[in-house]
Amino acid sequence: MTLRVVVVTYNSAGVVARCLKSCRDLAVTVVDNFSSDGTGLRVKELRLPNVRLIENTENRGFAAAVNQAVAEAPEDVILLLNPDVELLSSVDPLVEAIDVKGCGIA
C-alpha cells in the first residue's frame, strides 16, 4: 500500500514550507490555485525531490484541485493536508490501520 500527500494551496507562501518539510520522504503533490503571493515559487525554491508542483492558471477551487492531483497519483492512499498543517510524527500507523481495516482498497 502506497501513500501520496495532496496539498492544495492558495496564497500559502508563508506556511507551505513547514508543511512540505514535515512530509519528509513522502510523495507529495502540491496544486497551487493561481496564488498571487509567490506560493508556487516558494515550493520550487525548496527543491524537495519528493514534491511535485502543479500550478493552475486560474483558481479552480479546492475540489477540482484535489481531483487534479488524484487523477495523476498512482498511489493507493491519498492524504489531504492543508498547507498550514505540520506532520509531527510518521503517518505509517495511519496507513497500517487502513490496510488492517480493509477499507476496500485493492
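Visitor: Which backbone oxygen does the side chain of Arg 4 reach?

Guide: Keep in mind that this is a predicted model. Start from strand 1, residues 3-9, where Arg 4 is found. From there the side chain of Arg 4 gets to within 3.3 Å of a backbone oxygen, and that oxygen belongs to Val 28.

Visitor: And which side chain does Arg 4 join in a polar contact?

Guide: Such a contact needs a pair of N or O atoms within 3.5 Å. For the side chain of Arg 4 there is a partner at 2.8 Å, and that partner is Glu 75.

Visitor: Is Arg 4 buried or exposed?

Guide: Anything under 20% relative accessible area goes down as buried, and anything over 50% as exposed. Arg 4 comes out at 13%, so the word for Arg 4 is buried.

Visitor: What about Val 31, how much relative accessible area does that one have?

Guide: Look along strand 2, residues 27-32, and you'll find Val 31 there. Val 31 falls in the buried class, because its relative accessible area is 0%.

Visitor: How far apart are the C-alpha atoms of Val 31 and Val 8?

Guide: Along the chain, Val 31 and Val 8 are 23 residues apart.

Visitor: Where is Pro 74, and what is its C-alpha to C-alpha distance to Thr 2?

Guide: Pro 74 sits in the loop between helix 3 (62-72) and strand 4. Its relative accessibility is 68%, so Pro 74 counts as exposed. In sequence, Pro 74 and Thr 2 are 72 residues apart, yet C-alpha to C-alpha the distance is 8.5 Å.

Visitor: Let's turn to charges. How many salt bridges are there?

Guide: To qualify, a side-chain nitrogen of Lys or Arg has to be within 4 Å of a carboxyl oxygen of Asp or Glu. With that rule, the count is five.

Visitor: Which residue meets Arg 18 in a salt bridge?

Guide: Arg 18 belongs to helix 1, residues 16-22. It counts as exposed because its relative accessibility is 59%. At 2.5 Å, N to O, its side chain meets that of Glu 86.

Visitor: How many residues apart are Arg 18 and Glu 86?

Guide: Their salt bridge is a 2.5 Å one, N to O. It links distant parts of the chain, since Glu 86 lies in the loop between strand 4 (77-81) and helix 4 while Arg 18 is in helix 1, and the two are apart by 68 residues.

Visitor: In which helix do Glu 45 and Arg 42 both lie?

Guide: Glu 45 and Arg 42 form a salt bridge, with their closest N and O atoms 3.9 Å apart. They're three residues apart, about one turn of the helix, and the helix that holds both is helix 2, residues 39-46.

Visitor: Lys 44 forms a salt bridge too; with which residue?

Guide: Lys 44 has a relative accessibility of 48%, so it counts as partly exposed. Its closest N and O atoms to the partner are 2.9 Å apart, and that partner is Glu 55.

Visitor: Why does the pair of Lys 44 and Glu 55 tie together parts that are apart in sequence?

Guide: The two residues form a salt bridge. Lys 44 lies in helix 2 and Glu 55 in strand 3 (residues 51-55), so the parts tied together are apart in sequence by eleven residues.

Visitor: One on the backbone: what is the phi of Phe 34?

Guide: Phe 34 has its place in the loop between strand 2 and helix 2. It is not a glycine, yet its phi is positive, at about 60 degrees.

Visitor: And what phi does Arg 47 have?

Guide: Arg 47 lies in the loop between helix 2 and strand 3. Its relative accessible area is 73%, so Arg 47 is exposed. Although Arg 47 is not a glycine, its phi is positive, at about 50 degrees.

Definitions and conventions:
Residues numbered from 1 in each chain as written. Predicted model: local features only at pLDDT ≥ 70, side-chain atom pairs only at ≥ 80, totals over all residues. Heavy atoms only, no water. Helix = DSSP H or I, 4+ residues; strand = E, 2+ residues; numbered from the N terminus. Buried < 20%, exposed > 50% of the residue type's maximum accessible area, 1.4 Å probe, protein only. Polar contact = N/O pair within 3.5 Å; in protein donor to acceptor, adjacent residues only side chain to side chain.
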